[in-house]
Structure formats: structure tokens, C-alpha cells
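My notes follow in the order I took them.

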Amino acid sequence: MNHFGQTRTHIARNHAFIAPDGHVWSNLPGWTNSQAAIFISPHMGAKFTMSQVKMGAKATGAMPLPGHQRFMFLIKGHLWFNDGQKEHRLDPGWFAYCPADQPHTFRTTKECEFILFEKPYVPLAGVEPPREFIFAYETDRPSTPFMGDQDAQLRLLLPDTLPFDMAINLFTFKAGTTLPYVETHIMEHGMMMLDGGGIYRLEDNWYPIQAGDVLWMGPYCPQWFAALGKPESTYLYYKNINRDAFVL
Ligand code: UGY
Ligand code: MN
């Protein structure tokens, strides 16, 4: 379908709404038979990257840059991930956390897709950085009501402890549920709507949002969400945490 110059995508100085109609896929250095759409990057002012990766059959991946950690969340197919000790099979809903500079490889037999976050690790004096890989399934993590609201359930996929400078969370809202207030905070977010949808407010813009849409919220971007029209809405999102404001 030709959209005659129309798109829902909107890139602002401190936030972005990225709809699937505009995705452009490109090769990743060192990877074979794989392509990525890099939604969020330092080129737009973010301090992390968020991409969707499609790996073809019999494809292989490469390490991130030195000092960079990585988080992979499977959305289609399956991936074989080797942490040097053993090979782990990751299916949709499974995720892998790779600490910075920990050697690993991964490969496919058939096609797969995942959401990839990468971030330079920010060391903290006196605290040992994470050294262990993490492999788990989303419901292996407990879900807790957000600020007491049973209809807004938050799942932290990574430990919220000082060695970790990033969080990746799943947030599930019953239809008609909202964030309790318009949040404005120093931390950034990169998020993808996985199920359902609603209305997302970013700064003074209001976006109808549905599964497959991606948002970047820069530092201090006022943000609010109302889930509409489906039994439940779930989004996956990144947040930088646990560091002094000057290096967060
Ligand atoms: O973790 C958060 O800041 C979360 N409540 N923000 C959001 O969902 N936009
Ligand atoms: Mn927030």
C-alpha cells in the first residue's frame, strides 16, 4: 500500500514515536544473514540503542562493542545462545542478559526475531560489575501491582541491585487503566508495545499506540499512558538506573 507521504512516525528533540511502516533494515557488522532496524541510538540523543533484529536460517551473531552490555528479548522463532559453558535455547518470551565484555556467540537453525538493547556499562566505585549471564522466561519474574494498582502489573526482568545500571521491565495494563500521573524523570526509556494499545502522551503530544510501535522518551520527557480497547496491553521497556545523576 502506498501511504502517499503519510506516517504515524514522529521524531522530536526529546522523544520519538516510531511506527513499523517506516522501518529500514540494515546489516550488522560481523553478523551473518541478519538485519536490524535500529530504532533508538545516540544519533537521536539517547545513551543506549534499541533495535529489532531479524536473523535468517543458519545465521550467526557477533559481540557488542567493548564495554557494552546487551539484553535480548525473543519475539519470534528461536535462538541458540552459547555463553562459553553451554548452549541455551531461547523461545518467544525468553530473554538473555550479557554483561559487558563476557564472550558469547549465538546462532539460528531457522529464522528468529528479537528486541535488542545495548548500553555502555557505567562502573560504580566499590561495586563489582555483573559477570554472570542471565537466561530466563518472562513469567519466571514476579509481577507486582504498580503503586498499589492491581490493574497495572510490573515485572522487573533484571535484578534491581547496584551492579546493574539498566532495567528492562514488562508493564501490563488492563483496558481502562492508566499510569497514575504524568511522570517526568531524569531516566530515559526505550519501549515497544507488545500487545494491545491505547494513548501515549509524550511531552505535549498524544499518540494512539498499538502493538509493534516503539517509543523513545529522553530525560525529563513528560509521559503518561492510558490502555484502551483490548483486555490487556503490555509493553517492554528500558530504563537507566542506579547511578549518580552526573553519569546516569
Ligand atoms: O519505570 C517507569 O518510569 C515507568 N513507570 N514509566 C513508564 O511506564 N512510562
Ligand atoms: Mn517512566
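I began with glutamine 223. One of its polar side-chain atoms sits 2.8 Å from a nitrogen atom of ligand 1. I keep in mind that this is a predicted model.

Next I looked for other polar contacts. Tyrosine 200 places a polar side-chain atom 2.9 Å from a nitrogen atom of ligand 1. For tyrosine 237, I found a side-chain N or O atom 2.7 Å from an oxygen atom of ligand 1. I then checked the cover: ligand 1 alone exposes 270 Å², and the protein buries 96% of that.

Then I listed the surroundings. Around ligand 1 I noted Phe146, Phe171, Leu179, Glu183, His185, His189, Tyr200, Gln223, Tyr235, Tyr237 and Lys239. I sorted this shell by class and got 6 nonpolar, 3 polar and 2 charged residues. Which strand gives the most to the shell? I found S21, residues 232-240, with 3 residues.

I moved on to the metal. Which residues coordinate the manganese ion (ligand 2)? I read off Glu183 through OE, His185 and His189 through NE2, and Gln223 through OE1, at 2.1 to 2.3 Å. Glu183, His185, His189 and Gln223 are also in the list around ligand 1.

I checked the geometry. The manganese site has 6 donor atoms, with angles of 76 to 174°, and is octahedral. Along the chain, I traced the donor spacing as E-x1-H-x3-H-x33-Q.

Are glutamate 183 and histidine 189 buried or exposed? I logged both as buried.

Terms used:
Residues are numbered from 1 along each chain as its sequence is written. Chains are lettered from A and ligands numbered from 1 in the order in which they are written. This is a predicted model: local features need pLDDT of at least 70, side-chain atom pairs count only at pLDDT 80 or more; totals for chains, interfaces and linings use all residues. Side-chain values use heavy atoms; hydrogens and water are left out. Donors are N, O and S atoms within 2.8 Å of the metal (3.2 Å for Na, K and Ca); water is not among the atoms, so sites may look incomplete. Four donors count as tetrahedral if all angles lie between 85 and 135 degrees; four count as square planar and six as octahedral if opposite donors are over 155 degrees apart and all others between 65 and 115; anything else is irregular. Buried means under 20% relative accessible area, exposed over 50%, partly exposed in between (1.4 Å probe, protein chains only). A residue is near a molecule or strand if one of its heavy atoms lies within 4 Å of it. A polar contact is a pair of N or O atoms within 3.5 Å; within protein, one must be able to donate a hydrogen and the other to accept it, and residues adjacent in sequence count only if both atoms are side-chain atoms. Accessible areas come from the Shrake-Rupley method with a 1.4 Å probe; for residues, only the protein chains shown count as cover. Helices (H or I, at least four residues) and strands (E, at least two) are DSSP runs, numbered from the N terminus. Ala, Val, Leu, Ile, Met, Phe, Trp, Tyr, Cys and Pro count as nonpolar, Asp, Glu, Lys and Arg as charged, and the others, Gly among them, as polar.
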